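Colleague: I'd like a close look at one residue and its packing. Please go through it step by step.

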Amino acid sequence: MMKKTLHVTNGDSLNDRLLTMKIEGDYAVWREMLCEGKTIVDLTSSAFKKTRVDFFKNNYPDQAGGYDEKFGSQLAIIADAHQYEEIVLWFEYDLYCHINMLACISFIKSRGYKGNVYLVCSGRVSGEKDLFALSQLSEMQLLSHYNDKVLLNNHDLFIADDLWRLYCGKDPLELDPKRAKDSNFTYLSNCISAHKERFPSAITGLNTLETNMLRLIRKYDIKTPHQLCGYMLNYQGYYGYGDIQIKKMITRMSPFFTDTEGRLTLTEKANNILDNSYNVFKEMKYPCTLGGASKYEYVYNNDNHQLTKA
């Protein structure tokens, strides 16, 4: 007899909560962060695994060990999804989750899965101004989200697969937020826009998040890099980055601020970037890949929200 439901969750903490809530079905946990580093379309290829392991070794050595155990084991469960009547994906409104979700859907599609695929996606909660992560929802809200899960149609699955391939491609100019229109992915076009803003500004050479970091230091009384990390996590909009990603960014941005009498203050150059559009593209440039594209091969134009070759 076919098993009914396979839940694919966006991380261990949500997974544990759903198990505690006794939401029926089998579970696979998505333990990857495909929004950073080079990615390859076929998740089962040896090239994909080598690329990702190398990325973690070079950027997050603490996370590099046991890749097969962490991610491969879970991918194997999803690869076997034909024995389930339905798959329920649990992913959030942000870029971090959405890139993982696109990869997951593309993988499910590549396996020729015939059952229904549903999405439980957090974000707007009625009566609230802020966007909410799944982890921030109460048990009642989580259940309500689950009961209102959205059935993804063939058009949705095609769009997700298409966008994953484009994300892994060398030309990010083809990634257009309009491609997500008329789909059941409420937040996807915002996430594509946010992705494009990860490329350096044509004017200053800093991307949106890096510029935002300087603005936060200028605006608030921030005493330590640790406190700055808290502010960045809080004011990052659609990115959904975690501590380790923000801390890495703070380290790279550290030449632009100093500790002055127990408070972080901007250097003259940083003020110049914000006030006079001083360009630091050349000194910021380092080998960094986002999906299939090199971060410093393209620049982002704020006026028309488009990328152009650097």
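Which residues does Leu-89 touch, not counting residues up to four places away in sequence?

Modeller: This is a predicted model, where local features need pLDDT of at least 70, side-chain atom pairs need 80 or more, and totals for chains, interfaces and linings use all residues. Numbering runs from 1 along each chain as written, and side-chain values use heavy atoms, without hydrogens or water.

Leu-89 touches Val-8, Cys-104, Ile-105, Ile-108, Val-117, Tyr-118, Leu-119, Val-120 and Leu-152 (heavy atoms within 4.5 Å). Leu-89 and Trp-30 have the most contacts inside the largest nonpolar core, which has 85 residues. Such a core joins buried Ala, Val, Leu, Ile, Met, Phe, Trp, Tyr and Cys through side-chain atoms within 4.5 Å; buried is under 20% relative accessible area (1.4 Å probe, protein chains only). Helix α4, residues 95-110, gives the most to this core, with 11 residues (DSSP H or I, at least four residues; strands are E, at least two). Apart from this core lies another, of 15 residues, including Leu-18, Met-21, Ile-23 and Val-88.

For another buried stretch, take strand β11, residues 298-301. Tyr-298 and Tyr-300 are buried on one side, Val-299 and Asn-301 on the other. β11 runs antiparallel to β12, residues 306-309, with 4 bridges joining them (pairing takes at least two DSSP bridges). Tyr-298 stands opposite Lys-309; Tyr-300 has Leu-307 as its bridge partner. The hairpin has 4 residues between its strands, and His-305 takes a positive phi near 55°.

How values were computed. Buried < 20%, exposed > 50% of the residue type's maximum accessible area, 1.4 Å probe, protein only.
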